[in-house]
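Here are my notes on this model, point by point. Have the structure open while you read.

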Amino acid sequence: MKKWYMLAALLIIIGVGAGILYFAVYQPSTMRLPNDVTMETAWGKPYAFGDLPPKVRLVEFMYTSCPDICPNTTMQMAKLRDRLKKAGVFGSKVEFITITIDPARDTNEKLQTYAHTFGVTSDGQGWMFLRGSEADTKKVANAFHFQYRDPGNGMIVHTTLAYLLDRNGRVVEQIGMGASRFHVDEVYKAIMEELS
């Protein structure tokens, strides 16, 4: 009887280990920006994921009327941007991408206003604020296993992760959103390690 308990415990441990390996290592390594999607910047220019030069990128999904976690995350990214600028790598080697998951309501003007809040006043500053069709937005979100839905009140329920991509566009780290989970020092260190 003791052998059966040992065997059952061993199988449970193997199963849990396989699950952790899948969600922590394999699944993130398959996440990437889809090459066949072109979105539009807040200033109306096309931004084609298939034509991106190699850079380390930080990808955030948000919507401008989010009351808490989205603007808190974007604020942490602004602090991170300032540190990366001081290090001389922001824009040239590191780029931020912020994608709205509410393209129907987040017009170019609303995205521009949101971007201005965080010191971004035009394209070409190393931080792209993007919107796309509903289908393209869903396609990009699905590529990262980022889930979201509007229950009908305009307050979108969504995954609370941002994504750090290496120069080849593969996710190397999933980062918690919000002031309490997005740790600027840790993300800065991860970016600098990717650049070394």
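1. What is the strand order in the open sheet of seven strands? Reading across, the order is β2-β1-β5-β4-β3-β8-β9, and the pairing is mixed. Strands are DSSP runs of E with at least two residues, helices runs of H or I with at least four, all numbered from the N terminus; two strands pair if DSSP finds at least two bridges between them.

2. A word on the source: this is a predicted model, where local features need pLDDT of at least 70, side-chain atom pairs count only at pLDDT 80 or more, and totals for chains, interfaces and linings use all residues. Residues are numbered from 1 along each chain as its sequence is written, and side-chain values use heavy atoms, leaving out hydrogens and water.

3. Look at the edges next: β2 (46-48) and β9 (171-176) each have a single partner strand, so one side of each lacks a neighbour in the sheet. Strand β1 (residues 38-41) runs antiparallel to β2, joined by three bridges, and Glu40 stands opposite Pro46 in β2.

4. Now the rings. There are 11 aromatic pairs in the structure (ring centres of Phe, Tyr or Trp, for Trp the six-membered ring, within 6.5 Å; planes under 30 degrees apart are stacked, over 60 edge-to-face, the rest tilted). Phe90 and Phe96 make an edge-to-face one, 4.9 Å centre to centre with 75° between the planes. Both also belong to one aromatic cluster with Tyr114, Phe118, Trp127 and Phe129.
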